[in-house]
Amino acid sequence: IHTYDTTGIYPVCLNVTSSFGCIDTACRNLTILDRPIVNFTYVDTCVNTQPIVFTNSTVGASFYTWKFGDGNTSTFSDPSHTYGSDGIYAVTLVASNNSCIDSTTHSIIIHPVPQVGFTIPVTYSCGIPSTLQLTNTSTGAYGYNWDFGNSTYSTNNNPSVTYNTPGLYTISLSASNQFMCYDTARATVNIYPFPVIQSVDVLPAEGCQPLDVLFSVTATNTNT
């Protein structure tokens, strides 16, 4: 057995000598072909920022088979793939030319995202100013950014917000974890003004029974 480390054409000869000193020689050309140099690059990503893109840097190959480690495959040169959950996956690239084949495997990481959530005491409130205390229910998060929908913000864990103008507001909480993966939760709250009674008219204001009386009211910020 002999190992050839370099491509090329090698003349291999066999010399045979009999016990009588007779010699014969047979030669054959042996061709050692280039094996593809297989490699690829990638960037670990978060579950919610997929797909992950694989960049094929293989030299000397024309055919590719990717095994993504979750049962899925691809024959594209530079595929992208979306994983159904976070975890560590062994990704294998098998590359070949017309004669030779080789492969390489890298472990990629799909990072989890924080579970972001919060509660608000009510979905609507009457009167202004109106102050709400928010409760952060997020897990697996380390940094918080609140947007209260009224051009005010907070990075506190459990902040409160005061609304000075009636309206429908969207409150959003964005949170990150140690892998710099982000997620966002949102909720809406309606701030209504108190109704204002401007006048009450009773016509007639007095009379003998039986008496039909018309009551009329002028008010704002009311629908009944």
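Residues are numbered from 1 along each chain as its sequence is written, and side-chain values use heavy atoms, with hydrogens and water left out. As the model is predicted, local features need pLDDT of at least 70 and side-chain atom pairs count only at pLDDT 80 or more, while totals for chains, interfaces and linings use all residues.

Let's start with the cysteines. How many disulfides are there? The count comes to 2 disulfides, where a disulfide is a pair of cysteine sulfur atoms within 2.5 Å.

One of them joins C13 to C27, with an S to S distance of 1.9 Å. This pair links distant parts of the chain, 14 residues apart: C13 is in strand β1 (residues 8–17) and C27 is in strand β2 (residues 23–32). A word on the naming: strands are DSSP runs of E with at least two residues, helices are runs of H or I with at least four, and both are numbered from the N terminus. The link of C13 and C27 is right-handed, with 110° about the S-S bond.

Strand β4 covers residues 45–46. The torsion about the S-S bond of C46 and C181 is about -85°, so this disulfide is left-handed. Both C46 and C181 are buried, and C46 has a relative accessible area of 7%.

What does C46 touch, if we leave aside its neighbours within four places in sequence? Its contacts are I110, H111, V113, F179, M180 and C181, where contact means heavy atoms within 4.5 Å. C46 and M180 are 134 residues apart in sequence, and their C-alpha atoms are 8.4 Å apart in space.

If you count the bonded cysteines along the chain, the disulfide pattern is 1-2, 3-4. C208 is exposed, at 68% relative accessible area.

On to the aromatics. The structure holds 11 aromatic pairs. Rings of Phe, Tyr and Trp (its six-membered ring) pair if their centres lie within 6.5 Å; planes under 30 degrees apart count as stacked, over 60 as edge-to-face, and the rest as tilted.

Take F40 and W66: their ring centres are 5.0 Å apart and their planes are at 65°, so the pair is edge-to-face. F40 sits in strand β3 (residues 40–41) and W66 in strand β7 (residues 63–67), 26 residues apart. F40 and W66 are both buried. For F54 and F68, the centres are 5.6 Å apart and the planes are at 25°, so this pair is stacked. F54 lies in the loop between β5 (52–53) and β6 (55–56) and F68 in the loop between β7 and β8 (73–74), so the pair ties together parts 14 residues apart in sequence. F54 and F68 are buried as well. Ring pairs link F40, Y42, F54, W66 and F68 into a cluster.

Last stop, the cores. In soluble globular proteins, nonpolar side chains tend to be buried together. A nonpolar core here is a set of buried Ala, Val, Leu, Ile, Met, Phe, Trp, Tyr and Cys residues joined through side-chain atoms within 4.5 Å.

The largest nonpolar core has 18 residues, and those with the most contacts inside it are F118, L134, W146, F148, Y163, I171 and V189. β16 (143–147), β18 (160–163), β19 and β20 each supply at least two residues of this core, and β19 gives the most, with 4 residues. Not counting residues up to four places away in sequence, I171 touches residues including F118, L134, W146, Y163 and V189. Apart from this core lies another, of 15 residues, among them Y64, W66, I108 and I110.

Definitions and conventions:
Buried < 20%, exposed > 50% of the residue type's maximum accessible area, 1.4 Å probe, protein only.
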